[in-house]
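The sequence and the structure are shown here.

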Amino acid sequence: MSESTLKLTISTMAQTTMEQILPVSWPKRWIATLTAYDISRVWEAGTRFILSFLTLTILLGLAGGVVKTFLDLRLLLSTDVEVALRQVLVDALTLLAVVEVLKTTAAYCSDGRVRVTFIIDTVLVVMLTEVISRWFTSGEWHQFAILGGILLTLGVMRVVAIRYSPATPTLTQ
């Protein structure tokens, strides 16, 4: 068999195989191409792409919160010191909650999963912020009891999440 005949035969076989794999019309070819991809890889890439925008949004919000907290310092000149410092304290605690959300997002990007302890830490910071703001506004005792019950439950959940974590245990010598 000559070399040109061999090339023609291989080319014809490759074209026949491609026609069997990829349909002729573009919608069918597009669907076949999409189904040929591993959907979990597409999911991971899409999730990471969207989370990068979420991370950027959180960082911009954090920067805006720092600017707002800094601007709230001017309340020291116009209102009571207690009111101004209360506002700055609540703003700072809220920013810490945003940092915890950012930490959770970064952990998902690096580990590919959300850690329960990070979520609980975020909610704990938010709840503690709420307790402190209620404390400053002289909330009623039943509000403190409810918030205290939630905090106690979250604390127990955090201990259980750490104690029974699915992470592989390290060997100690």
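Arg158 is partly exposed, with a relative accessible area of 27%, where buried means under 20% relative accessible area, exposed over 50% and partly exposed in between, with a 1.4 Å probe and protein chains only. Its partner Asp121 is buried, at 12%, and the side chains of Arg158 and Asp121 meet in a salt bridge of 2.3 Å, N to O. Because Arg158 belongs to helix α7 and Asp121 to helix α6, this pair ties together parts that lie 37 residues apart in sequence. A salt bridge is here a side-chain nitrogen of Lys or Arg within 4 Å of a carboxyl oxygen of Asp or Glu, and helices are DSSP runs (H or I, at least four residues) numbered from the N terminus.

The model is predicted, so local features need pLDDT of at least 70 and side-chain atom pairs count only at pLDDT 80 or more, while totals for chains, interfaces and linings use all residues. Residues are numbered from 1 along each chain as its sequence is written, and side-chain values use heavy atoms, with hydrogens and water left out.

By the salt-bridge rule the count comes to 4, and the table lists three of them, including the pair already described.

| Pair | Distance, N to O |
|---|---|
| Arg158 and Asp121 | 2.3 Å |
| Lys68 and Asp72 | 2.8 Å |
| Lys68 and Asp91 | 3.5 Å |

Lys68 and Asp72, by contrast, both lie in helix α3 (residues 39–72), 4 residues apart, which is about one turn of the helix. Lys68 is partly exposed at 41% relative accessible area, whereas Asp72 is buried at 12% and Asp91 is buried at 11%. Through shared partners, salt bridges join Lys68, Asp72 and Asp91 into one network.

The largest pocket has a volume of about 160 Å³. A pocket is an open set of points on a 1 Å grid over the protein atoms alone, where a 1.4 Å probe fits, with protein on both sides within 12 Å along at least five of seven lines, and lining residues have an atom within 4 Å of a point; grid points are joined across faces, edges and corners, and the volume is the space filled by probe spheres set on the points. Among the residues that line the largest pocket are Arg113, Arg115, Thr117, Ile162 and Pro166. Helices α6 (116–136) and α7 (141–163) each supply at least two residues of this lining.
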